[in-house]
Amino acid sequence: MASAPDGRLLGLDADPRAIERTRQRLSSYIDRVVFVQRNFRYLLEVAQQHDFSEVDGILLDLGVSSFQLDESRTGLQLSA
């Protein structure tokens, strides 16, 4: 994470598996990251709950991942 030494990251995702994969990838920054399983439409509410009153930037990934397409239980699997 290329942020100031005191920079924090708030990560939201409705998919708990996506949160876990990201938690593993960012494990060396774990003390600076807050993960919340929630839809991004609740960003303001979640940010306030976790004391994110100011932000320097926002990155939104609004797409569908291949992990979601590969697993039928997500309801997003494409039929052949």
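This report covers the fold, surface and ring contacts of a predicted model.

## Basis

Local features need pLDDT of at least 70, side-chain atom pairs count only at pLDDT 80 or more, and totals for chains, interfaces and linings use all residues. Residues are numbered from 1 along each chain as its sequence is written, and side-chain values use heavy atoms, without hydrogens and water.

## Fold

The chain has three helices and two strands. Their order along the sequence is β-α-β-α-α. Elements are DSSP runs: helices are H or I with at least four residues, strands E with at least two, numbered from the N terminus.

Of the contacts between residues at least 6 apart in sequence, 53% join residues at least 24 apart. Contact means heavy atoms within 4.5 Å.

## Surface

Accessible surface totals about 6,500 Å² (Shrake-Rupley, 1.4 Å probe). Carbon and sulfur atoms account for 51% of that. Buried residues (under 20% relative accessible area) make up 19% of the 80 residues.

Phe-40, Leu-43, Val-55, Ile-58, Leu-60 and Leu-62 form a nonpolar surface patch.

Leu-62 lies in the loop between α2 (43-49) and α3 (66-70). Leu-62 is exposed (over 50%), at 57% relative accessible area.

## Charges over rings

Arg-8 lies over the face of Phe-52, 3.9 Å from the ring centre. The charged end of Arg-38 sits over the Tyr-42 ring, 4.0 Å from its centre. The criterion is NZ of Lys or CZ of Arg within 6 Å of the ring centre and within 35 degrees of the ring normal.

Methods
Patches are made of residues with over 30% relative accessible area and no salt bridge: like charges are joined within 9 Å, nonpolar side chains (Val, Leu, Ile, Met, Phe, Trp, Tyr) within 5 Å. A salt bridge is a side-chain nitrogen of Lys or Arg within 4 Å of a carboxyl oxygen of Asp or Glu. Buried means under 20% relative accessible area, exposed over 50%, partly exposed in between (1.4 Å probe, protein chains only).
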